[in-house]
2 protein chains.
Amino acid sequence: MDSEQFHRITKALADPRRFNILARIAKDKEIACSDIRCQVPITAATLSHHMKELANAGLIEVRKEGQFLHIKLRRKIWREYLSQLAKLQG
Amino acid sequence: MDSEQFHRITKALADPRRFNILARIAKDKEIACSDIRCQVPITAATLSHHMKELANAGLIEVRKEGQFLHIKLRRKIWREYLSQLAKLQG
DNA sequence: CATCTGATTAGATGATTATCGAAATATCGA
DNA sequence: TCGATATTTCGATAATCATCTAATCAGATG
């Protein structure tokens, strides 16, 4: 993972609301965007914005099925991010 | 670690310059603020600001000795943060 | 005491960004 | 085709924040 992506991820996590959304995504193998909206009080516009940030950071995989978006955590990237962070410790 | 501190940490890491400073701190057992300034091009005011953010997040321990500040990574906190992050993975 | 050096504070500026409402786009079902 | 639902885009606003300069504080040393 290059340092650019690393920092994009770090910034993507920095907003608490966005982090919580990501945590929600991580709970399931896959979740629909509309399901997230049922569980988190948030406007569609704002959720769309956060999704774009998470996708931009490479943290999620987005699959479109009809009207719906299905979201998955990219667990391999997440593990890479964690091991990158762990390097700080020496 | 409560969620408030967790989010303070994620925000503290979100600025690349500040993250790099933290990484520099982590490299040594302890480092003087003035040494950091020799190694990173940054004004004293900005460095002071970043130190405050890192301290506020609980990531560093600050020891004053005469005119100098000596900075240490709080490795226990860092480990706690990592393991908190790892919980996302399930 | 005068001065130098390290660090903080205050105040200002510019950039980024989270948020929303409204309009637009897309897909489905009747 | 019409209406309902899901999502995106646009435009605006408000808040946050990184950065700097200048001024100040604190400790060391002459």
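**Figure 1. Two helices of chain A cross in this predicted model.** Axes are lines fitted to C-alpha atoms, for helices over the stretch in contact, and angles between them run from 0 to 180 degrees between N-to-C directions. With that in hand, look at helix α2 (residues 16–27) of chain A, which packs against α4(A) at an angle of about 70 degrees, the two axes being 10 Å apart. Angles of 65 to 115 degrees count as roughly perpendicular, and that is why α2(A) is described as roughly perpendicular to α4(A). On the α2(A) side, the contact is made by A:Arg18, A:Ile21 and A:Leu22, while α4(A) brings A:His50, A:Glu53 and A:Leu54. Sorted by class, this contact of α2(A) with α4(A) has three nonpolar, one polar and two charged residues.

**Figure 2. A closer look at α4(A) and what follows it.** How far apart should the ends of α4(A) be? At 1.5 Å a residue, the 13 residues of α4(A) should span 18 Å, and the end C-alpha atoms are 18 Å apart, so the two agree. After α4(A) comes A:Gly58, a residue whose phi is positive, near 85 degrees.

**Figure 3. The pairing of α2 and α4 in chain B.** Here helix α2 (residues 16–27) of chain B and α4(B) have axes that come within 10 Å and cross at roughly 70 degrees. That angle makes α2(B) roughly perpendicular to α4(B). Find B:Arg18, B:Ile21 and B:Leu22 in α2(B), then see how they meet B:His50, B:Glu53 and B:Leu54 in α4(B). Three nonpolar, one polar and two charged residues form the contact of α2(B) with α4(B).

**Figure 4. Where chain A touches chain B.** In this view, 18 residues of chain A are in contact with 17 residues of chain B. On the chain A side, α1 (3–13), α2 and α5 (75–86) each supply at least two residues. That side of chain A has eleven nonpolar, four polar and three charged residues. Of the interface residues of chain A, 94% are also interface residues in chain B, so the copies meet through the same surface.

**Figure 5. The two α5 helices side by side.** Which way do α5(A) and α5(B) run, roughly parallel or roughly antiparallel to each other? The axes of α5(A) and helix α5 (residues 75–86) of chain B come within 11 Å and cross at roughly 175 degrees. Angles over 145 degrees count as roughly antiparallel, and α5(A) and α5(B) are therefore roughly antiparallel to each other. A:Leu82, A:Leu85 and A:Ala86 of α5(A) make the contact with B:Leu82, B:Leu85 and B:Ala86 of α5(B). The contact of α5(A) with α5(B) has six nonpolar residues, with no polar and no charged ones.

**Figure 6. Turning chain A onto chain B.** Which residue of chain A comes closest to the rotation axis? A:Ala14 does, with its C-alpha at 3.0 Å.

**Figure 7. The surroundings of DNA strand D.** DNA strand D is surrounded by 22 residues, and the closest are A:Cys33, A:Ala45, A:Ser48, B:Ala45 and B:Gly66. Two or more residues come from each of α3 (33–39), α4 (44–56) and β3 (68–73) of chain A, and from α4 (44–56) of chain B. This surface near DNA strand D has nine nonpolar, eight polar and five charged residues.

Figure 8. By class, the residues near DNA strand C divide into nine nonpolar, eight polar and five charged.

Conventions: Residues numbered from 1 in each chain as written. Chains lettered and ligands numbered in written order. Predicted model: local features only at pLDDT ≥ 70, side-chain atom pairs only at ≥ 80, totals over all residues. Near = placed C-beta within 6 Å. Helix = DSSP H or I, 4+ residues; strand = E, 2+ residues; numbered from the N terminus. Nonpolar A, V, L, I, M, F, W, Y, C, P; charged D, E, K, R; others polar. Parallel < 35°, antiparallel > 145°, perpendicular 65-115°, else oblique. Contact = placed C-beta atoms within 7 Å. Expected span 1.5 Å × (residues − 1). Least-squares fit on C-alpha atoms with pLDDT ≥ 70 in both.
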